[in-house]
Amino acid sequence: MSTLTHSPAWNALHDHRTILSGHHLRDLFEQDEDRFDKFSLLFNDILIDYSKQPINSESMTLLMTLARQQGLEEWIRKMFRGERVNNTENRAALHVALRGEGPFHLDGVDITPSVKRVLMQMDSYTQAIRSGELKGYSGSRFTDVVNIGIGGSDLGPSMVIDALKPYTSSHIVTHFVSNIDGTNLIETLKSLNPETTLFIISSKTFTTQETMTNARSAREWFIAHGGREKDIAKHFIAVSSNREEVEKFGIDPSNMFEFWDWVGGRYSLWSAIGLPIAIAIGMENFYQLLDGASRMDHHFKSTPLEKNLPVILALIGIWQINFCGATTHAVLPYDQSLHRLPAYLQQIEMESNGKTADRDGRSVDYSTGVVLWGEPGTNGQHAFYQLLHQGNQIISSDFLAPCQSQNPIGNHHTLLMANFFAQTESLMKGRTESEVRDELVSQGMSSDALEKLLPHKIFSGNRASNSILFKRLDPQTLGSLLAMYEHKVFVQSVIWNVNPFDQWGVELGKKLAGSILSELKGDSHVTRYDSSSNGLINHFKKNC
């Protein structure tokens, strides 16, 4: 048994859950008319309501005790101080330095000037592209930007640009290529003109297999469709730390935007990885995005745990995962602009905390995460909400919605929000047998038909959810929301005593793929792997 699961705070929560499990959410609301006031928090324009969770005041007290037992407050200070909280790679995790005023110190040196220098470079380049000052090789303005990256170099920028579409330039269209499947690149390039297309190659090392394969193919397309070798310098830019490889590719070093090893990929949209965001929405709006994140950073760093939004969300997640038995978590934005948010949060949460060993190398005997998924409402209501309401799995959920639509039209937003409020209430309350019976009787249904239909219309309810409302999805609010989720993941990593900043499981897959690649290029029959892999590879080689 691990130290954590043997600890006083953990055992107290386990005992408390046993007592509280006999209480339905409906009963908790009936017993306390001030429940919403007790279990909701407001930060600027962001409201979090966690009153539809199976908790009471004692639950929150015990969760706070667990957080303090695990040294959460000191870990927060460690991260902001630039200590090497990424212990397996001996690195700091100072993504907060990308959006704060500073100073932020790493090994005794303030890194804020370096951050500001890259921001100024981004500012200058963005303005030159958007104004038409920088042109393609034929003298035409750039009309399309193709971002080539994968993981954090793709998910963050693509999600943000979709979320902030009303703020994007009508003169420049941004495209994203991440998948090594050639279809992604070919379908993207089909309608583009090389004379007016700018490519951003985002790879810290400039050796990432998927990214560099796509980059080289894009380069070949550019040359084959009228570009010349000397034009590469105008049409390709790099976000990287490997100047030598960038120059080998043919990119002008002045068009290389630096980022650092203390910025993890899934925390990098705030860095030069966010260049496509800046080009799309303008640098002033990009600064607003950074400012929103910085405001949440300050809240996270300075607010007592009991009133701290990321801390509350994290502890509710711990409660659901480790004590209530949730194995999946649905993120359900009632805003089409946030349709990529679940995919973005999948990486933030699952790649960060999906671990089997704690910081000290010991095997964990508790869950360190859930399968995260989701779709925008109301689409999801006509797809998977049936399982949420009447399935027998334990699924936690976040419902997110703006009070004001980015695109108001008729009564669309009112109808959308009616569904938002109805779903969280119905998940919580359910429908009892007596309620269903009364309804069917009022409809004049005969006794035999009523008894047959009755069990199918009963909803147990008692399904937990968080509701997150914000005034409007603008750059500052989005920045705060994303930083909130980042810090939530960090808090959970501290409770679970795992390193959220490495991803060795991803590295193993890359290594095995490199080995298999050589087998696929040869003609010989493959026998070196397990029988399944051998059979699949040989079948592919016969049919490719």
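1. A pocket, on a 1 Å grid over the protein atoms alone, is an open set of points where a 1.4 Å probe fits, with protein on both sides within 12 Å along at least five of seven lines; its lining residues have an atom within 4 Å of a point. A volume is the space filled by probe spheres set on the points.

2. This is a predicted model, in which local features need pLDDT of at least 70, while totals for linings use all residues. Residues are numbered from 1 along each chain.

3. The largest pocket holds about 990 Å³ of space. Its lining has 41 residues, and Ile 150, Gly 265, Gln 503, Glu 507 and Lys 510 lie nearest the centre. By type, 12 are nonpolar, 18 polar and 11 charged, with Gly counted as polar. Helices H7 (152–163), H9 (209–224), H15 (341–353) and H21 (504–521) each supply at least two lining residues; helices are DSSP runs (H or I, at least four residues).

4. For the second largest pocket the volume is about 550 Å³. Of its 25 lining residues, Asp 335, Gln 336, Ser 405, Asn 407 and Leu 416 lie nearest the centre. Helix H17 (residues 412–429) gives the most to this lining, six residues.

5. In helix H5 (residues 72–81), Leu 72, Trp 75, Ile 76, Met 79 and Phe 80 are buried (under 20% relative accessible area, 1.4 Å probe, protein chains only). They lie on the same side of H5, because they cover an arc of only 135° around the axis. Helices H4 (57–69), H13 (283–302), H14 (309–324) and H20 (475–496) are among what covers them.

Conventions. Predicted model: local features only at pLDDT ≥ 70, side-chain atom pairs only at ≥ 80, totals over all residues. Heavy atoms only, no water. Buried < 20%, exposed > 50% of the residue type's maximum accessible area, 1.4 Å probe, protein only. Arc of directions from axis to C-beta. Contact = heavy atoms within 4.5 Å.
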